[in-house]
Amino acid sequence: MTDLPERGSPERDFFVQRMLSDTGFYARNVLGMDTDRDERGNVTGDVGKGGIRDHGPHQECITFLDDEDQDHPYRMLWAPRSAYKSSILRAYVQRKIIAHPNISILFYMQDRDVAEARCLEIREELVNNPILQELFPNMRGHLWKRDRFITGLRTDKAGDTPTLFSGSPRTIPVGSRPNEVIWDDIVTENDLGDTALARGRRC
């Protein structure tokens, strides 16, 4: 995690502009993914030698996700386990939420509890991260549940679709109209033989 440049400085303006447009920069400098860390956030490797890198396959994934070419709105990121896909998506979702305050994102996963936990994790980072606390102190909105929330950044006060909400094959949300749908871990090693779930995933 990087210290924020001085308030009112060109360096801070650049920092904010970059974090709102570059998922890799956001991951490394806001979320501290510039190195490998344990579950408590303690560094377990040399900075720059772990985490989400600014080159190679990690940067290819980020460039792919950050490309907002409207001619190709549907994308599939297919990479092996331990490729930081979920970590990259976590940073991507937060960046999109801050950069586009009126956005609505559905985060869809195979397991309902895991989907809710991911939504809660993102929600808590948005209000507890020290950099975000300083830059966006009014992050918390009027809807603030573990599986759905609306941020205080939203300018469209008439919109009631959550900023972020979770879903799964067993808990398909109805009534909401997200601008973006993210599918993560739709098939896991625990349900490869579950034919009922497989039928439920067909579109």
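This is a predicted model: local features need pLDDT of at least 70, side-chain atom pairs count only at pLDDT 80 or more; totals for chains, interfaces and linings use all residues.
User: Let's zoom in on β1. How many bridges join β1 to β5, and which way do the two strands run?

Analyst: Strand β1 covers residues 105-109, and five bridges join β1 to β5, with the two running parallel. You can follow the pairing residue by residue: Phe107 has Ile182 as its bridge partner in β5, and Ile105 has Glu180.

User: And how does β1 pair with β4?

Analyst: β1 and β4 are also parallel, and four bridges join them. On this side, Phe107 stands opposite Ser166 in β4.

User: Is β1 buried or exposed?

Analyst: To judge that, check each residue against the cut-off: under 20% relative accessible area means buried. Five of the five residues of β1 are buried, so this strand is largely enclosed by the rest of the structure. For the protein as a whole, buried residues make up 44% of the 203 residues.

User: What about β2 and β3: parallel or antiparallel?

Analyst: Antiparallel, over three bridges. A hairpin joins β2 to β3 through two residues. To find one of the facing pairs, look at Lys145, which stands opposite Arg148 in β3.

User: How do I read the packing of two helices, say α4 and α5? What is their angle?

Analyst: Start with the axes: how far apart they come, and at what angle they cross. For α4 and α5, the axes come within 11 Å and cross at roughly 55°. The two helices are therefore oblique to each other. Their crossing is right-handed.

User: Which residues make that contact?

Analyst: From α4 come Ser86, Arg90, Val93, Gln94, Ile97 and Ile98, and from α5 come Arg118, Glu121, Ile122, Glu125 and Leu126. Sorted by class, the contact of α4 with α5 has five nonpolar, two polar and four charged residues.

User: How does α3 pack with α4?

Analyst: Helix α3 is residues 56-66, its axis is 11 Å from that of α4, and the angle is about 35°. α3 passes α4 in a right-handed crossing. In the contact, His58, Cys61, Ile62, Leu65 and Asp66 of α3 meet Ile88, Leu89, Tyr92 and Arg95 of α4. Six of the residues in the contact of α3 with α4 are nonpolar, one is polar and two are charged.

User: Let me pick out His58. Is His58 buried or exposed?

Analyst: His58 lies in helix α3. Compare its value with the cut-off: the relative accessible area of His58 is 9%, and buried means under 20%, so His58 is buried.

User: What does His58 touch, beyond residues up to four places away in sequence?

Analyst: Its contacts are Gly51, Ile52, Arg53, Ala83, Tyr84 and Ile88. As for distances, His58 and Gly24 are 34 residues apart in sequence and 8.3 Å apart in space, C-alpha to C-alpha.

User: Stepping back, how many helices and strands does the protein have?

Analyst: Seven helices and five strands. Starting at the N terminus, the elements run α-α-α-α-β-α-α-β-β-β-β-α. Of the contacts between residues at least 6 apart in sequence, 62% join residues at least 24 apart.

Methods. Residues are numbered from 1 along each chain as its sequence is written. Side-chain values use heavy atoms; hydrogens and water are left out. Two strands pair if DSSP finds at least two bridges between them. Axes are lines fitted to C-alpha atoms, for helices over the stretch in contact, and angles run from 0 to 180 degrees between N-to-C directions. A crossing is left-handed if the near helix is turned anticlockwise from the far one by less than a right angle, and right-handed if clockwise. Contact means heavy atoms within 4.5 Å. Ala, Val, Leu, Ile, Met, Phe, Trp, Tyr, Cys and Pro count as nonpolar, Asp, Glu, Lys and Arg as charged, and the others, Gly among them, as polar. Buried means under 20% relative accessible area, exposed over 50%, partly exposed in between (1.4 Å probe, protein chains only). Angles under 35 degrees count as roughly parallel, over 145 as roughly antiparallel, 65 to 115 as roughly perpendicular and the rest as oblique.
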